[in-house]
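User: I have a structure to go through with you. Could you take my questions as they come?

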Amino acid sequence: MSSTNRYGPLIGALDEGTSSTRFMVFCARTTEILTYHQTDINVECPQEGWVEQNPVEILSAVLQTINQCVENLKEHEIDPADIVTIGITNQRETTIVWDPNTGKPLYNAIVWLDVRNTDTVDELLKGVPERNQDYFKPYCGLPVSTYFSALKLKWMMDHVPPVRKAVDDKSCMFGTVDTWLIWNLTGGPNGGLHVTDVTNASRTMLMNIETLQWDDTLCKVFGVPKEILPEIKSSSEIYGRIAVSPLEDVPVSGVLGDQQAALVGQMCLQRGQAKITYGTGAFLLYNTGTAAVQSNHGLLTTVAYRMGENSPPVYALEGAIAIAGVAFRWLKNNIRLLENVSDSERAVDAAHSEVYFVPAFSGLYAPYWRKDARGVICGIEETTTGADIIKAAMEAVCFQTRDVIDAMNKDCGITVKSLLVDGGLTVNNTIMQLLADICGISVVRPDLSEATALGAAIAAGIAEGIEAVDIKNVCLSSTDVFEPSVSEDERDIKYSKWKMAIERSLNWELEIVEEELAQLHGDDKEKYLQSSIPFSLFVVLSFGLLAISQHLAKV
C-alpha cells in the first residue's frame, strides 16, 4: 500500500435507494469518485398495492457495499484510513419499526410507493373538516396521503399485532431508512444512535415544518407516541461514529433524503434554482430559500437542508411523481414491449401515431394527489404499434414534469426557465429533448452521474469538526443543454390532450365512486355517470389492449 496519500482526505457516501444500495468514495478536494460498489435489493409485492423490503437485507447490502469499496481501495493502493467521514442519503418515507433490545425488525419495511393504507387515509379524512386533504399542511407542509410515513406507521399499529404490542410495551423504535442504518452502524442494541435529519423528518408528516420538532398535534392525530421517534438533527453534523469494521470509528456527519441530496449535489443552493431527479419516480425540487412556501397548487413544502445545528433551514417546494423509470420496467416485464429498457430510445424512430399513456399504477401524486387514478393508454388506432406506446411512456415522464413546473410557476410567481436534471433516465437523449419540447424550457444535464451521493458527501464533508470540503470550490462538470425545438402551439395542443388523458385516468377506485355518487342526485348524478368511462367498456378495452400488446411484442 502506498505510504503517501496522493488524494488527500476521502469521504464515503452511502446511497440507499429503492432498488439498490451503493457506496462510493470521493476525493474531498476534487469530488472525483475513486471507487464504488452497488448491490441490488429485492422488492416484494405480496398483494396489489403492497410494496415491502426486508430491513435486514437492506442493512446487509449496506455492509456488503462498504466492505467491497474498502477492498477496491486497497487494490488501488489507497489507504481506507484516509476516509475521514461518511454521509448517508436514502429513499424517503419508507417506514421501519424494530425492537431496540434485539435489533430485530417487527415487520417488513413499508416502501414509499406502498398504498395499502388507503383505508387508513379515508378514516382519517372522515374526521377532517370537509375531508380536506390539505388540512394539516400549515403544520407539516404535506397533504394527507398514503405516501408519507405517519400513515404507514399508523397502518402498522392498527394491523400488525407485534407492532401494536411493542408500542404499548415501550419496546419499539420507528425510523425511516436513514435512522435504521445509523442506529445499526453506530452500535445497534449496544448504544446505537436513534436519530434522523430534518429532511427525512419532514417527510414523515409528524414534524412541524416551522419548529423542526415533532409536533404534538400531529402525533396525537396519528396516535404516535413521541418516545418511539428518533431525535431530529441537522443535515450536517457529527452524529456519532461507526462501531463495525471495516470503517470502525469513522464519523457519520451528513444525512439527507435522496432528493434533497440531489439538490445539494447539483449545487442548487440559491433561491429559485430547481432540479429534477429521474429514478423509479421523479422528484422536482425548487429552492425557496429560508421561507417555507405553502403551495396552493398541489406541491409539497419540504426542508431542503440544514447545514449545521446553528444554521437556518433552507426550504423547497417539491413535485413528487410516483412513476417514471418504473414505467419502462413495466413495458419490459409486464407486457414485453421492450427487451431491454435501453432499447426505448431506438424504438421512438418507428413511432408514427399519437398515443397518450398515463402510468398511474398506484394513483397520481403531484399536483393531483388522486389515489383513485389508474393507468390508461389513450388514442390507440388500428395502425398503433409497440413503438407508439413506448414513445408515449417517454412523453408521460415529460408531461408529468410539466404538470409540476406549471404548479411551481403559479405558487412562486417566477417562471422556471431552465431545469437541471439527473438520474438514470437522463442518459436517454430522446427523453431529454422531449422534455425540453413539452415543457418549453432549457434542460441542463451536467456530466455528473452521482449527484445524490455527491450531495451526501458534501453534507458530511462540510460538517463542523470535519471541514474536509470547501463548498465554494465545488464546481459542476461540463453540461449538455437541450433547447425546445417545437412551436408553442404544437406544445400546447399536445399538452391539452395529455390533460384529457389525465381525466380518463380518474375515478377507478370503486369505493370512491360509490361515495361520490351517494352525494349526488338527479341531473348531477347523470352528468357524473356520463363523464366517466363505463366499466364494461373499460374491461373490454383492457383485454383488447393486452391482446394487442402481446401481438405487438411478437412483431
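Analyst: The answers below cover the chain as a whole and then some of its helices.
This is a predicted model, in which local features need pLDDT of at least 70, side-chain atom pairs count only at pLDDT 80 or more, and totals for chains, interfaces and linings use all residues. Residues are numbered from 1 along each chain as its sequence is written, and side-chain values use heavy atoms, with hydrogens and water left out.

User: How many helices and strands does the protein chain have?
Analyst: The protein chain has 18 helices and 21 strands, taken as DSSP runs (helices H or I, at least four residues; strands E, at least two) numbered from the N terminus.

User: And what share of the residues is buried?
Analyst: Of the 555 residues in the protein chain, 58% are buried, meaning under 20% relative accessible area with a 1.4 Å probe, protein chains only.

User: Which residues of α10 are buried?
Analyst: In α10, residues 325-333, the buried ones are G325, V326, A327, F328 and L331.

User: What do they pack against?
Analyst: The buried residues of α10 pack against α11 (344-347), α12 (386-412) and α13 (429-439).

User: Moving on, how do the axes of α12 and α15 cross?
Analyst: The axes of α12 and α15 (residues 488-504) cross at roughly 95° and come within 11 Å. Therefore α12 is roughly perpendicular to α15, a term covering angles of 65 to 115 degrees.

User: Which residues of α12 make the contact?
Analyst: On α12 they are E395, A396, F399, Q400, R402, D403 and D406, where contact means heavy atoms within 4.5 Å. On α15 they are R491, D492, K494, Y495, W498 and K499.

Terms used. Buried < 20%, exposed > 50% of the residue type's maximum accessible area, 1.4 Å probe, protein only. Axes fitted to C-alpha atoms, helices over the stretch in contact; angles between N-to-C directions. Parallel < 35°, antiparallel > 145°, perpendicular 65-115°, else oblique.
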